[in-house]
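Welcome! Take a look at the structure first.

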Amino acid sequence: MTSKPTLLDAAGKVAFVTGAQGGIGKACVDMFLTAGASVVATGRRAVANDDARVLKLSLDVTDETQVADAVAKAKDRFGAIDYLVHMAGMVGKGRIDEMPLTDWHTVVNTNLTSAFLLMKHAYPLLRKPGGSVVLCGSSNGANGGSYLSGAAYASSKAALVNLTRYAAKEWAPDGIRVNILSPGPVDTPMLDRLSDAQHDGLKAQLPLGRYATADECAGGVMFLCSVHAASMTGTNMNISSGLVLDR
Ligand SMILES: NC(=O)c1ccc[n+]([C@@H]2O[C@H](COP(=O)([O-])OP(=O)(O)OC[C@H]3O[C@@H](n4cnc5c(N)ncnc54)[C@H](OP(=O)(O)O)[C@@H]3O)[C@@H](O)[C@H]2O)c1
C-alpha cells in the first residue's frame, strides 16, 4: 500500500518569508506552519501571528542593513534557513513618459534588488542539500504588462526570472534549488487599486475567467519547496489562469 501523498513535510525546517502580512505571503506562512515548519515572518507592517513557532521581524527588503540583521536574527533563533520565500513586492503605474525616476527606482529596488540582497545574505544559511529559494514574478514579466502596473514592474518581474536561472546554476553544487512563481491576477490587496471596469476587463482576458487565490499561489510555493520538486531548479511556475500560454 502506498502512503498518503503530502505536498510538503517541513517538520524541523525553517522558512524565511518576506511580505508575510501580504495576501500571498500570509498564505505561505500559514501553509508552512501547517506543514510543520518554523517561520521567520517578515513584513514592513507588523506581522500578526501569535504562533510560538513564528519569529516576527520588521523588515524593509530594500534596506541591506535590515536584510542582514533579519538573517542574523533568524540564525540566532533557528540556526538555519531551509526555505527563502520572497513575496514582498509592489506595482508601479502609468506610462513611461509619466513615470518619475524615483518611482522607477522604488519599484525595481522593492521587487528585484531586494531579491539579490536576500539571496546574498541568506546564502550561508541556505547552503545545504534541500535548501530552496522561491522568488515571485508575474505574468507581466512574460507579456509586458500595461500602464496599470507600469514598466518598472514588468521589467523587474522579467529580470527576476533570469536571476532565478542564474542562481539556479550557481547554487546547484551547494544543493540549493531556486525557482520562481509567476502569478497572473491574484485576489489579494494588491488588486484593490483597480476599478470595477478594470477588474471586468482583466477577467475577460483570462481563459479560466477567474483570478487565482493566495492559497493557490502558496500551494505552488509548497510544491516548489517539497521533495516532489527535487529535480526542479531554475523553473518559472505559471499560475496565470491561462493569461500567459506561450513562452
Ligand atoms: N496580486 C496579484 O495580482 C499579483 C500578480 C502577480 C504577482 N504578484 C506578486 O505577488 C507578490 C505578493 O503580492 P500580493 O498579491 O500578496 O500583494 P499584497 O497583499 O499587496 O502584498 C505585498 C506585500 O509586499 C510588502 N512590501 C512592499 N514593499 C515592501 C518593502 N519595501 N519591504 C517589505 N515588504 C514590502 C507589502 O507590505 P506593506 O503592507 O507594508 O506595504 C505587502 O505585505 C508580489 O511580489 C506581487 O508582485 C501579485
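Helices α3 and α5 are roughly parallel to each other, because angles under 35 degrees count as such. This is a predicted model, in which local features need pLDDT of at least 70 and side-chain atom pairs count only at pLDDT 80 or more, while totals for chains, interfaces and linings use all residues. Residues are numbered from 1 along each chain as its sequence is written, and side-chain values use heavy atoms, with hydrogens and water left out.

**Helices α3 and α5**

- The axes of α3 (residues 101-126) and α5 (residues 151-171) come within 8 Å and cross at roughly 15 degrees; axes are lines fitted to C-alpha atoms, for helices over the stretch in contact, and angles run from 0 to 180 degrees between N-to-C directions.
- Helices here are DSSP runs (H or I, at least four residues), as are strands (E, at least two), numbered from the N terminus.
- The crossing of α3 past α5 is right-handed, meaning that the near helix is turned clockwise from the far one by less than a right angle.
- Residues in contact (heavy atoms within 4.5 Å) include Trp104, Phe116 and Tyr123 of α3 and Tyr153, Leu160 and Trp171 of α5.
- This contact has 17 nonpolar, 3 polar and 1 charged residues; Ala, Val, Leu, Ile, Met, Phe, Trp, Tyr, Cys and Pro count as nonpolar, Asp, Glu, Lys and Arg as charged, and the others, Gly among them, as polar.

**Helices α2 and α3**

- α2 (residues 64-78) packs with α3 at an angle of about 25 degrees, their axes 9 Å apart, and these two helices are therefore roughly parallel as well.
- α2 also passes α3 in a right-handed crossing.
- Glu64, Val67, Ala68, Val71 and Lys75 of α2 meet residues of α3, among them Leu117, Lys120 and His121.
- By class, 7 nonpolar, 1 polar and 3 charged residues make up the contact of α2 with α3.

**Pockets**

- The largest pocket has a volume of about 1200 Å³; a pocket is an open set of points on a 1 Å grid over the protein atoms alone, where a 1.4 Å probe fits, with protein on both sides within 12 Å along at least five of seven lines.
- Its lining (residues with an atom within 4 Å of a point) has 49 residues, with Gly89, Met90, Val91, Tyr153 and Met190 the closest to the centre.
- That lining divides into 19 nonpolar, 25 polar and 5 charged residues.
- The second largest pocket holds about 230 Å³ of space, and Leu8, Asp9, Cys225, Ser226 and Val227 lie nearest its centre among 14 lining residues.

Notes:
Parallel < 35°, antiparallel > 145°, perpendicular 65-115°, else oblique. Points joined across faces, edges and corners; volume = space filled by probe spheres on them.
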